[in-house]
Amino acid sequence: MAVSSVLLAQFAQYMECYPYFDEPGYDGIHNGGWKCLKKNAPKKAKEAYEKYLKMEEEAKKKHLKI
């Protein structure tokens, strides 16, 4: 299962990320990666992110990586 770059482009710039181990704010657990969608993201970005989350959930049920 693959996620299109078009879908990712609709919300990627609005993602809040965890800091890496060598960055300020590192929590000792997460080493980078997506945390959540920023609250001020436009509706289109929120809809695309919801679609991505549904795809991710479906892939997990089928034991697939996306």
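## The Lys-61 and Glu-57 pair

Lys-61 and Glu-57 join their side chains in a salt bridge, at 3.6 Å from N to O. A salt bridge here is a side-chain nitrogen of Lys or Arg within 4 Å of a carboxyl oxygen of Asp or Glu. Both residues sit in helix 2 (residues 43-61), 4 residues apart, which is about one turn of the helix. Helices (H or I, at least four residues) and strands (E, at least two) are DSSP runs, numbered from the N terminus.

Lys-61 is exposed at 63% relative accessible area, while Glu-57 is partly exposed at 47%. For these labels, buried is under 20% relative accessible area, exposed is over 50%, and partly exposed is in between (1.4 Å probe, protein chains only).

## Where this comes from

It's a predicted model: local features need pLDDT of at least 70, side-chain atom pairs count only at pLDDT 80 or more, and totals for chains, interfaces and linings use all residues. Residues are numbered from 1 along each chain as its sequence is written, and side-chain values use heavy atoms, with hydrogens and water left out.

## The other salt bridges

The structure has 3 salt bridges. One of them pairs Lys-35 with Glu-16, with the closest N and O atoms 3.8 Å apart. That pair ties together distant parts of the chain, since Lys-35 is in strand 2 (residues 34-37) and Glu-16 is in strand 1 (residues 15-17), 19 residues apart. Lys-35 is partly exposed at 43% relative accessibility, and Glu-16 is partly exposed too, at 33%.

Lys-62 also forms a salt bridge, with Glu-58, and here the closest N and O atoms are 3.2 Å apart. Glu-58 is partly exposed, at 38% relative accessible area.
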